[in-house]
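Please keep the sequence and the model in view while reading.

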Amino acid sequence: MRISETVKHLIIVNLIFFGASAFMPVIQELFAMYYFDNPRFYAWQPLTHMFMHGGLMHILFNMFALFSFGTTLESIWGGKKFLTFYLLCGFGAALLHTGVNYYSVHSAVSTLVDNGYSSSDVMALLAEGKYDLRWGGILKEGELTNFLSAYNTPVVGASGAIYGLLVAFAFMFPNAELMMMFIPVPVKAKYFVPGILLLDLYGGVVGSFSLFGGGGGIAHFAHIGGALMGYLLMLYFKKTQFDRNRWDR
């Protein structure tokens, strides 16, 4: 299928940001999304993080998925509706990711306060890019890692928005057969999409709320946030018959 106009422009913008950040690291610092209480957070980051990527394979996978699913959806919806849907799913990803990070930070700070630390002193130390080694003796195994990661590690990538596209595609073409790259086994979209979401949910829970610590560098809850926003938007479209020709069939 020939690439659609909005998808083409989104891919171009992503490639420009990726190339520019390779030569000017400050772009990554300014446009990746940090925790909202981190001094490196700026109001535009919930938008701009969708156009930043952590490496060549990251952007290649995301842009391939954007082309594969986005072109189909834009050809049905039109550019304005598609772009609105895409951006809202990206914001949904940012919202859930931030909410989970808030839980990690708030829980750890509460534990430290219960052990005699001042919350303002803890946050001030974090803002300086430091932490107290004694916190490791108070917080549970893995909790300190998750706490510091939630505060200091930025999130990048279009994956959250693309997960929203996956949900929309499964809504509209439930029996279309999809395959994961490198695993040539076709699975119907109505099973494929819930399956990968369950894998993300498992990865997010193990990485964020268990003693294992770490999430493999993958923002699992951003994926789920984008998918959840996509699901809610598709329910809204269906209820209001936003796309009458599609939903009245």
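## Helices H1 and H5

In this predicted model, the axes of H1 and H5 cross at roughly 45° and come within 9 Å of each other. That angle makes H1 oblique to H5.

On the H1 side, the contact is formed by Thr6, Val7 and Leu10, and on the H5 side by Gly79, Phe82, Leu83 and Tyr86. Sorted by class, the residues of this contact between H1 and H5 comprise 5 nonpolar and 2 polar ones, with no charged residues.

## Helices H5 and H6

H5, spanning residues 79-114, also packs against helix H6, which covers residues 119-127. Here the angle is about 125°, and the axes lie 9 Å apart. Angles over 145 degrees would count as roughly antiparallel and those from 65 to 115 as roughly perpendicular; H5 and H6 are therefore oblique to each other. The crossing of H5 past H6 is right-handed.

Four residues of H5 take part, namely Val105, Val109, Leu112 and Val113. They meet Ser119, Val122 and Met123 of H6. The residues of this contact between H5 and H6 divide into 6 nonpolar and 1 polar, and none is charged.

## The nonpolar cores

The largest nonpolar core of the model contains 36 residues. Within this core, the residues with the most contacts are Leu66, Trp77, Phe82, Phe85, Tyr86 and Leu165. Two or more residues of the core come from each of helix H1 (5-23), helix H4 (56-77), H5, helix H8 (159-172), helix H9 (189-209) and helix H10 (220-240). The greatest contribution is that of H8, which supplies 10 residues.

Another core, of 16 residues, lies apart from the largest one. Its members include Met123, Trp135, Leu144 and Tyr151. Met123 also belongs to the contact of H6 with H5.

Glu74 is located in helix H4. Is this residue buried or exposed? Its relative accessibility is 8%, and buried means under 20%, so Glu74 counts as buried.

Glu74 and Glu5 are separated by 69 residues in sequence, while their C-alpha atoms are 8.5 Å apart in space. Setting aside neighbours within four places in sequence, Glu74 is in contact with Ser4, Glu5, Thr6, Val7, Gly79 and Phe82. Among these, Thr6, Val7, Gly79 and Phe82 also take part in the contact of H1 with H5.

Pro154 occupies the loop between helix H7 (143-152) and H8. With a relative accessibility of 31%, Pro154 counts as partly exposed.

Along the chain, Pro154 and Phe31 are 123 residues apart, and 9.3 Å separates their C-alpha atoms. Beyond its neighbours within four places in sequence, Pro154 is in contact with Ala32, Met33 and Tyr34.

## The chain as a whole

The chain contains 11 helices and 2 strands. Their order along the sequence follows the pattern α-α-α-α-α-α-α-α-β-β-α-α-α.

Of the 249 residues in the chain, 41% count as buried. Among contacts with a separation of 6 or more, 69% are between residues 24 or more positions apart.

Technical notes:
Residues are numbered from 1 along each chain as its sequence is written. This is a predicted model: local features need pLDDT of at least 70, side-chain atom pairs count only at pLDDT 80 or more; totals for chains, interfaces and linings use all residues. Side-chain values use heavy atoms; hydrogens and water are left out. Axes are lines fitted to C-alpha atoms, for helices over the stretch in contact, and angles run from 0 to 180 degrees between N-to-C directions. Angles under 35 degrees count as roughly parallel, over 145 as roughly antiparallel, 65 to 115 as roughly perpendicular and the rest as oblique. A crossing is left-handed if the near helix is turned anticlockwise from the far one by less than a right angle, and right-handed if clockwise. Contact means heavy atoms within 4.5 Å. Ala, Val, Leu, Ile, Met, Phe, Trp, Tyr, Cys and Pro count as nonpolar, Asp, Glu, Lys and Arg as charged, and the others, Gly among them, as polar. A nonpolar core is a set of buried Ala, Val, Leu, Ile, Met, Phe, Trp, Tyr and Cys residues joined through side-chain atoms within 4.5 Å. Buried means under 20% relative accessible area, exposed over 50%, partly exposed in between (1.4 Å probe, protein chains only).
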